[in-house]
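Let's take a walk through this model together, starting with each chain and ending with the places where they meet.

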Amino acid sequence: MKDAIISWKAAGIALGLLLVVATYLVKPLGVSTQFVVSDAVVAHKVAPEFAENNQYLAKYGEKEDWGVGYGWMLVFGMLVGGGITGRLFANKQPEADKGSMPSLWKEQFGPSKLKRNMASFGGGILLLFGARLAGGCTSGHMISGISQLAISSFIFGAVTFAVAIATAKFLYRKRGV
Amino acid sequence: MTLVIGFLIGCAFGAILYLGGASSYRRILGTLLLKDMWIIKLMMTAIGVGTLGIYLLDLGNLANLSIKPAYVWGVVAGGAIFGIGWALSGYCPGTCVVGSSEGKTDAIFTLVGALVGAFLFALAYPVLEETVLAPANIGSISLESVLGVQGIWIAAPFSALLIFLAFFVLKDRYD
């Protein structure tokens, strides 16, 4: 499986350089905090009292901190940048990377869209609950954190990979992988 | 201005993840099943370049470092929960944003789940703060502060090792 639009080498080098530029201009890359910011923005609109009384949401309730800040614009940019390149390069994207029903998943769990979407939804809940508990995700902890030689990020990287590998092996155990 | 910089950096970030195949389920699961090393090689290359670049910047005091605190229990428990979610959805918080931009419905479900997960964490925060986050917090430490040497002396060999492993050692394995 060598095919992709650009190689892992090109993507890895570009991502590393982008991290260095971001660290020089503002701060290292991070994504998961912005899910809380998005929640906080909505909560402050819909139920301001509840948001103020929640210790965690209130942290992102300060005027200068919540709403459209640098980090939120970064994640919004990911949506735009991914969307634009996705349209421009759609015909170069390998077939195996397209669509919402990965063939690997389908072989193991069947063609039910509901099943795939529910697993994704549940996975999403765990992703952000875990990321906020640990203080970061793949970008903030693993890529940015390890690049700063942070002890917490080495711990996060080791635990995350160990558990994710074990979970993947368990999910696909019938394949004997 | 910072908002514009954030937006542009984000655009580049999203484009790189898409073009490099990082928003692809088969790539993520391929790495987690230890078959297709694409994603781990991509990450190791990024960290290799990033570590060297950041600590070169730091030599001139130009790096805006942001070292996360090592509250050990929270990081371990959070990493474990995150790991299950990662393998189950095939996305991480960044790639589910990119996958959503491609119109993949499983990525959109992951994104919505992630917003719910962040909300649940906010609800649980007061309890978790006392039990998991506050104890065993050994602070915002890095290998630099632990070993007590200038970061570049650790960063240079560490970067070289990661790049060497990604380029020459890690190989895809198929049955």
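## What counts as buried

A residue is called buried here if 20 or more other C-beta atoms lie within 10 Å of its own, with C-beta atoms placed from the backbone. By that rule, 54% of the 177 residues of chain A count as buried. For chain B, buried residues make up 59% of the 175 residues. Please keep in mind as you read that this is a predicted model.

## Chain A at a glance

Chain A has 9 helices and 0 strands, and its pattern along the sequence reads α-α-α-α-α-α-α-α-α. Taken along the principal axes, the box filled by its C-alpha atoms is roughly 50 × 35 × 35 Å. Among the contacts in chain A with a separation of 6 or more, 49% come from residues 24 or more positions apart.

## A helix pair in chain A

How do H2(A) and H5(A) lie relative to each other? Helix H2 (residues 33-46) of chain A and helix H5 (residues 70-88) of chain A have axes that come within 9 Å and cross at roughly 105 degrees. The two helices are therefore roughly perpendicular to each other.

On the H2(A) side, the residues that meet H5(A) are Thr33(A), Gln34(A) and Val37(A), and their partners in H5(A) are Gly71(A), Trp72(A) and Val75(A). Sorted by class, this contact has 3 nonpolar, 3 polar and no charged residues.

## Chain B at a glance

Chain B is built with 8 helices and 0 strands, giving the pattern α-α-α-α-α-α-α-α along the sequence. Its C-alpha atoms fill a box of roughly 45 × 45 × 45 Å, again taken along the principal axes. Of the contacts in chain B with a separation of 6 or more, residues 24 or more positions apart account for 64%.

## A helix pair in chain B

Now look at helix H3 (residues 38-59) of chain B and helix H8 (residues 151-169) of chain B, whose axes come within 8 Å and cross at roughly 160 degrees. That angle makes H3(B) roughly antiparallel to H8(B), since angles over 145 degrees count as roughly antiparallel. The crossing of H3(B) past H8(B) is left-handed.

The residues that H3(B) brings to this contact include Met44(B), Ile47(B), Gly48(B), Thr51(B), Leu52(B) and Tyr55(B). From H8(B) come, among others, Ile152(B), Ala155(B), Phe158(B), Ser159(B), Leu162(B) and Ala166(B). By class, the residues of the contact of H3(B) with H8(B) divide into 14 nonpolar, 5 polar and 2 charged.

## Where the chains meet

Between the chains, 107 residues of chain B are in contact with 106 residues of chain A. Several helices of chain B each supply at least two residues of the side that touches chain A, including helix H1 (2-19), helix H4 (72-89) and helix H6 (105-133). Which helix gives the most to the side of chain B that touches chain A? That is H6(B), with 19 residues. The residues on this side of chain B divide into 67 nonpolar, 31 polar and 9 charged.

## The nonpolar core

The largest nonpolar core has 113 residues, and those with the most contacts inside it are Leu18(A), Leu128(A) and Ile16(B).

Technical notes
Residues numbered from 1 in each chain as written. Chains lettered and ligands numbered in written order. Predicted model: local features only at pLDDT ≥ 70, side-chain atom pairs only at ≥ 80, totals over all residues. Axes fitted to C-alpha atoms, helices over the stretch in contact; angles between N-to-C directions. Helix = DSSP H or I, 4+ residues; strand = E, 2+ residues; numbered from the N terminus. Parallel < 35°, antiparallel > 145°, perpendicular 65-115°, else oblique. Left-handed = near helix turned anticlockwise from the far one by under 90°. Contact = placed C-beta atoms within 7 Å. Nonpolar A, V, L, I, M, F, W, Y, C, P; charged D, E, K, R; others polar. Buried ≥ 20, exposed ≤ 12 C-beta atoms within 10 Å, placed from the backbone. Core = buried A, V, L, I, M, F, W, Y, C linked by C-beta atoms within 7 Å.
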